[in-house]
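Have the viewer open and click along as you read.

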Amino acid sequence: MRTVSNACDPEEIFSESLRYRLHSALVSLATKSAKHDQTYCSRQGIDGVMVIMKQGTQALADQLKQKWANDPQCQNLVVFLYSDADRKLYMSGEAKSGLSQSDFDAALNAHIQQLQHPSDSNEAAIAIAGVLKDIGDKKWADYGGSHPSQPLAHFGKSTPLSSSLKMGMRLLFHIDPNDRPNFDEVLLKNLVSQIAGRKVAVISVVGGFREGKSFFDNILLKALQAGKAAFRPDETIGGTAGIEFKNGPERHTIGIQVWDQIFVRKDTSGNEVAVLLLDTQGMFDTQSQLKHSTIIFMISLMLSSHFIFNKNGYLNAHDLVDMNVFVEMSQTGKQKVGQHLYFLMRNWGGDGDGFAPQYLEQIRNASSRTDDLKDKISGVFQAFDRVECYTVPAPGGAVTRANGSIKASDCDQDFLNHLCQFANHVVANVEPRRVLGAQLAGGAFEAYVKNVLNHVTANSALCVNNALQATIDYSLRLAKDKAMAQFNAQLPTAIALMGGDGTADTTLNARLATICAEAQNLAALKKEFEHKCNEIRAQNSEKRRQHEQREATRKQLEALEIQRKQEKDRADAERKRAEQALLEKRQTEERLERERREATERQMQQFHDMQLRERELRQEQLQMFMMQQRLCQPVYANWGGGYEPEEPVRRGPGRPPGSKNKPKVDPPKRGPGRPPGSKNKPK
């Protein structure tokens, strides 16, 4: 359970929705068993606690009663213990609880077959809820059958409440992860029994998730309970006595939740109305499908007489266009979809705080200059009788860090005072929910809620024909009951007149004429309602056709968009492939050019090395030649003997240095007997 509950299931044998159902049955039992006389304890009723265990006994129920009995004055505690292993339900009550063992056994025997042979846990929980209902009905009958509506007239007027009768937010509707809608019909019947014949006003708070809706619900709760929202410095906001809230990115509220007790306030005409407070999960969070958020938004919109749109920051065109879609889907013909629309602007950074009609006028003027936004935003303003905007400054760090509850003294006082002022304004202007101009009371409201839930979840709410038909049937039933009551009231007089001497025939005829006129008025009223219903059905059929046409056009546009995207993707892929091929070609050319340069550089280096080697060889050869020239210069001394070294050349007088003329040398003398020109050298 996400709130304080009278149903304890530590082993989670039953689902959460079943535990809520049992808790609602216990609350209803406490209401029906209260006597509401001048004695304090007799006004408390049966303080019932349900314990669900795999294995339990009567002795365990008695022990739990002794342990949990903390009210020695009233002694009205009753412990119900369900043992899942043997399918048995045990009861242990205090002496002054008013529930005897025989009354319990009589209620249990009526459901014993369903309890001991259930097809599933759901059927077992239904059987237990049936036992509690039978006990409550018997107590109601014992006390006169009219008391449950009496104490509810004091809610919101500081009536003392039993500390054991724990009130809080209960889950009325949600969509589970398997996409199945879940609706607590027992909780709705309990609320309708409290409403009785009063008109019904519904205040709901919607908006984005993690934007402070549950915190503001506590301010509204204070205004509904005490008549005015004002907090002492040491007073706690939230917590177990209020509506718990949570910080951080995770969602806290799921589905549509309702405070399980009504508040009786005065409307603007001074008449008593039963007020219901609704809280909704954050729109478009990260844990819900878009369709689920849409359904929850539309249900809240169609049930509410006061619709508060909680927004963090400034309104933008996206917010109003989305709301216009919801309004069009919820609207019945040309009828207005709601009565009061409030924009609660949190963390306001504009000029001044409080009511800001100039801001709404600025939005309307700005949108009128844009054709595609003008009709949509105007549709939002025209769908409600009254549209207001209220701005609130930033909450301060203590509020944003708070988890579950916070002391009023820890809140930024400017922020808290503005929220209280707005909550008091909403409560002071409360008025009943109207559908087709008729104010809804208990019976019509129950049928309206059921049909709205069924219709929205099944048909995505292009219209509300089922809810409209429920309201029409209720109006016809009221007219019929009124005519029958008048007929029954005048019937004794008519019989008495018929038994007389005939002198009162004129009076009898007049009375019969009046009855006939009432019957004709009833027939005319029925015909008028049927005509109006047919007109609205025709308008809704046209709206459905237009919607289907828009859907077909949207699908065609989506198909074209997908086709264009695919073509663009193919073109991008081709372009990327061409770019890749060009890049690879460029890289190949660069690689070849690099290899060619490297080969050329290697050849040049080899040529340079070869030239360098040749120079070195020539240098070495030259050095060897010079050495030979210096060391080996032989001269022939003569032809007759060996070699003699050549004498140095002596320059004659007057010979310039560097002269190349050599001294004359006499030719060698030939020996005897050698002919001239002989090449033979002497031995």
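Let's begin at the start of H14, where a side-chain oxygen of Asp 412 comes to within 3.3 Å of the backbone nitrogen of Asp 414. Keep in mind that this is a predicted model.

**Helix H14**

- H14 covers residues 413-428, and its 16 residues should span 22 Å at 1.5 Å a residue. The C-alpha atoms at its ends sit 22 Å apart, so expectation and model agree.

**Salt bridges around Asp 137**

- How many salt bridges does the structure hold? The count is 29.
- One of them joins the side chains of Asp 137 and Lys 32, with N to O at 2.8 Å. Asp 137 belongs to helix H5 (residues 121-142) and Lys 32 to helix H1 (residues 16-32), so this pair ties together parts that are 105 residues apart in sequence.
- Are the two partners buried or exposed? Lys 32 counts as buried, at 10% relative accessibility, because the cut-off for buried is under 20%. Asp 137 comes out at 25% and counts as partly exposed.
- Asp 137 also meets Lys 133 in a salt bridge, again 2.8 Å from N to O. Here both residues lie in helix H5, four residues apart, or about one turn of the helix. In an α-helix there are 3.6 residues a turn, so residues three or four places apart point the same way.
- Lys 133 is partly exposed, with 47% relative accessibility.

**Other charged groups**

- Arg 434 and Asp 385 form a salt bridge through their side chains, at 2.5 Å from N to O. This one connects distant parts of the chain, 49 residues apart: Arg 434 is in strand E17 (residues 434-435) and Asp 385 in strand E15 (residues 384-391).
- Both ends of that pair are partly exposed, with Arg 434 at 27% and Asp 385 at 40%.
- For something beyond a simple pair, look at Glu 185, Lys 189, Glu 446 and Lys 450, which are linked in a network of salt bridges.

**The four-stranded sheet**

- The strands run in the order E1-E2-E3-E4, making an open sheet with mixed pairing. Strands E1 (7-8) and E4 (88-93) are at the edges and have a single partner strand each, so one side of each lacks a neighbour in the sheet.
- E2 (residues 47-53) and E3 (residues 77-83) pair in the parallel sense over seven bridges. Within E3, Tyr 82 stands opposite Ile 52.
- Which strands does H1 touch as it packs on the sheet? H1 touches E1, E2 and E3, and its direction makes about 155° with that of E2.
- Helix H3 (residues 101-109) lies across E3 and E4, and runs at about 160° to E4.

**Positive phi values**

- Arg 87 has phi near 55°, a positive value in a residue other than glycine. Arg 87 is in the loop between E3 and E4 and is partly exposed, at 27% relative accessible area.
- Asn 347 also has a positive phi, near 55°. Its place is the loop between strand E13 (338-346) and strand E14 (354-355), and at 33% relative accessibility Asn 347 counts as partly exposed.

Terms used
Residues are numbered from 1 along each chain as its sequence is written. This is a predicted model: local features need pLDDT of at least 70, side-chain atom pairs count only at pLDDT 80 or more; totals for chains, interfaces and linings use all residues. Side-chain values use heavy atoms; hydrogens and water are left out. A salt bridge is a side-chain nitrogen of Lys or Arg within 4 Å of a carboxyl oxygen of Asp or Glu. Helices (H or I, at least four residues) and strands (E, at least two) are DSSP runs, numbered from the N terminus. Buried means under 20% relative accessible area, exposed over 50%, partly exposed in between (1.4 Å probe, protein chains only). The expected span of a helix is 1.5 Å times one less than its number of residues. A polar contact is a pair of N or O atoms within 3.5 Å; within protein, one must be able to donate a hydrogen and the other to accept it, and residues adjacent in sequence count only if both atoms are side-chain atoms. Two strands pair if DSSP finds at least two bridges between them. Contact means heavy atoms within 4.5 Å. Axes are lines fitted to C-alpha atoms, for helices over the stretch in contact, and angles run from 0 to 180 degrees between N-to-C directions.
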